[in-house]
Amino acid sequence: MTSNWLIGMIALFVATLLPSTIRADEWHYPTPAPNGVINEPERWGGQCETGRRQSPIDLTYQAAVKGDFAPFLFSNYMNPIRNAQLTNTGHSIQIDNTDPSVTLYGGGLPGKFVLDQMHFHWGSEHTIAGVRYGLELHMVHHDSRYNSLTEAAAVKNAVAVIGVLFHVSNQDNTHMDVVLETSQDIRDAAGKSAPLKGKLSPHNLLPKNRTSYFRYEGSLTTPTCAESVIWTVFTESLPVSLDQVELFKTIHDPSGHELVINFRSLQPLNARALVYHTDMDYSGSGAIPKLSLTLIVAAIAALLAK
Ligand SMILES: [Zn+2]
């Protein structure tokens, strides 16, 4: 009688405990089959499945229309991130920025955007003409008219994410060393943070060419998949070595398994406009950047004036 009562009480206790332990953020990426192919899509529910403006997408020149926007202005991206911490979120590794002076303007964005955090996906989420890259860095920003990323995520076009692609090269990307060295301290535990073992300036993770990019309106690529994001994906990729990519794959997920991949499956473009922006002038026989052409004209004019 006493033991039955005890079992009953334990069962009741466990039953009341269960719903609260299954938290909204307990979602995962599908595990690839032994041949590396992902056979099942992620099933994250809600807007992730019903949305019509989801990310990532395949970026193709054929599907794109030409855009012409003001240049991007990256303010204080040269400064190393203050009190930088690297966190294993269970779905990625992330560096938070708490300095509100690290901001992004221009590039056709509707205002000033503040850098919140940077995180990585291994394999890239966006593909260019069907080609997947080794890594994709996301620099996540919120519109300065809102107090936080959480607040902005509920509003269309109030979040701006810069996507930087990394191609596999035979040379290490030295700017990535500080991230990967620190990542070994937080590798085994989701939720764990560690101070970055050196300086990291966001500028060092941006490509030189910041005028060639794809632009479209989409969503966060993790639950809740909120459709509040203005996406910019630069076409110039940065190098990363195979050894460095392999280190990302040793990060553990919340269930203690290696996070082998953390990219979401490609989503349909549907009725959205995909914009391709470039400053290259294709009118001549070769592609000459507008700026160089202007400089050449100026130099000739200067010579003639002598
Ligand atoms: Zn991301």
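Student: In which loop is the place of cysteine 225?

Tutor: Cysteine 225 sits in the loop between strand 13 and strand 14. Helices (H or I, at least four residues) and strands (E, at least two) are DSSP runs, numbered from the N terminus. The chain has six helices and 18 strands.

Student: What should I know about the model and its numbering?

Tutor: Residues are numbered from 1 along each chain as its sequence is written. The model is predicted, so local features need pLDDT of at least 70 and side-chain atom pairs count only at pLDDT 80 or more, while totals for chains, interfaces and linings use all residues.

Student: What is the phi of cysteine 225?

Tutor: Most residues other than glycine have a negative phi, and most peptide bonds are trans. Cysteine 225 is not a glycine, yet its phi is positive, about 60°. Asparagine 270 also has a positive phi, near 55°, and is a residue other than glycine. Its place is in the loop between helix 5 (242–248) and strand 16 (274–277).

Student: Is cysteine 225 buried or exposed?

Tutor: A residue is buried if 20 or more other C-beta atoms lie within 10 Å of its own, exposed if 12 or fewer, and partly exposed in between; C-beta atoms are placed from the backbone. Cysteine 225 counts as buried because it has 24 C-beta neighbours inside 10 Å. Asparagine 270 has 10 other C-beta atoms within 10 Å, so it is exposed. Of the 306 residues of the chain, 31% count as buried.

Student: Which peptide bond ends at threonine 224, and is it cis or trans?

Tutor: The bond runs from proline 223 to threonine 224 and is cis, with omega near 15°. Threonine 224 lies in the loop between strand 13 (213–218) and strand 14 (229–234). The bond from serine 55 to proline 56 is also cis, with omega near 0°. Proline 56 belongs to the loop between helix 2 (47–50) and strand 1.

Student: In what order do the three strands of the open sheet stand?

Tutor: Two strands pair if DSSP finds at least two bridges between them. Here the order is 1-8-9, with mixed pairing. Strand 1 (58–59) and strand 9 (131–132) are at the edges with a single partner strand each, so one side of each has no neighbour in the sheet. Strand 1 pairs with strand 8 (residues 127–128) in the parallel sense, over two bridges. Leucine 59 is opposite isoleucine 128 in strand 8.
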